[in-house]
Amino acid sequence: DAGRLFVVGYDGIVYALAPRDGSVLWHSSLPTAYSLASAPVAAGGRVLYTAGSNGGPTVGALDEADGHLLWGDLVSLGSGTPALDGDRLYVAGGSPSADALSAGTGAVLWDHPGGSSGSGVLTAVGAGRLWLWTESSPGAGWIFDLATGASAGSFPSPTTPAIDANVVAMRSASGVWAQDAN
């Protein structure tokens, strides 16, 4: 975003790099993070992240221009890869649990508690739904309504699906298949 690459170190440091030569434009150490295990999401002048900390998984936002903390250190459900849809940030944990947050402020918009927090969680957004898959439950995924966080079902897949408009494609033991996402 904004002509920059954003990468994380497992040591709790986020870097902004120039794509042409890889030079470091800025780096930011997150206040309480000890690990950043998933890729950040950059949009709208913000770099949104999930991280592990001594207090549990956290989520936050850095300013894309200089790396200063906009909001953060909010305890979340998991440190899996976040998903962004407009001004909503979706963070998921294991067994299934998910939060919708305002990407601008970090305010919780909805919370769907589950059995446990977790990492290795991948999310996808499409067809008005949040699709969640976690390596702690391979072969199964969960679906949540984007507006309310209500459970909208599950799906059998060993990975997170790919979604285009209202078509969802998933891998299965017998190959790849697609269906109407509604």
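1. Basis. This is a predicted model, in which local features need pLDDT of at least 70 and side-chain atom pairs count only at pLDDT 80 or more, while totals for chains, interfaces and linings use all residues. Residues are numbered from 1 along each chain as its sequence is written, and side-chain values use heavy atoms, with hydrogens and water left out.

2. Overall content. The chain has 19 strands and zero helices. Both are DSSP runs numbered from the N terminus: helices are H or I of at least four residues, strands are E of at least two. Of the 182 residues in the chain, 46% are buried; buried means under 20% relative accessible area, exposed over 50%, and partly exposed in between (1.4 Å probe, protein chains only). Among contacts (heavy atoms within 4.5 Å) between residues at least 6 apart in sequence, 34% join residues at least 24 apart.

3. Sheet β1-β2-β3. These three strands form an open sheet in that order, with antiparallel pairing; two strands pair if DSSP finds at least two bridges between them. The edge strands, each pairing on one side only, are β1 (5–8) and β3 (24–29). The twist averages 20° from one strand to the next; axes are lines fitted to C-alpha atoms, for helices over the stretch in contact, and angles run from 0 to 180 degrees between N-to-C directions. Five bridges connect β2 (residues 13–17) with β3 in the antiparallel sense, and S29 in β3 is the bridge partner of I13.

4. A18. This residue is found in the loop between β2 and β3. A18 is buried, with a relative accessible area of 16%. Not counting residues up to four places away in sequence, A18 touches S23 and L25. The C-alpha atoms of A18 and F6 are separated by 9.1 Å, and the two residues are twelve apart along the chain.

5. D63. Strand β7 (residues 58–63) contains D63. D63 is buried yet has no salt bridge, and the nearest side chain of opposite charge, R4, is 6.6 Å away. A salt bridge is a side-chain nitrogen of Lys or Arg within 4 Å of a carboxyl oxygen of Asp or Glu; Lys and Arg count as positive and Asp and Glu as negative, while His and the chain ends are not counted. Leaving out residues up to four places away in sequence, D63 touches W26, G45, H68 and L70.

6. Backbone at A127. Most residues other than glycine have a negative phi. A127 is not a glycine, although its phi is positive at about 55°. A127 is found in the loop between β13 (121–126) and β14 (129–134).

7. Hairpin β15 and β16. Strands β15 (residues 141–145) and β16 (residues 151–155) pair in the antiparallel sense over four bridges. F144 stands opposite S151 in β16. The hairpin has five residues between the strands, and G149 takes a positive phi near 85° there.

8. Sheet β17-β18-β19. This is an open sheet of three strands with antiparallel pairing. Its edge strands are β17 (162–164) and β19 (175–180), each pairing on one side only. The twist averages 25° from one strand to the next. Six bridges join β18 (residues 167–172) to β19, and R171 stands opposite V176 in β19.
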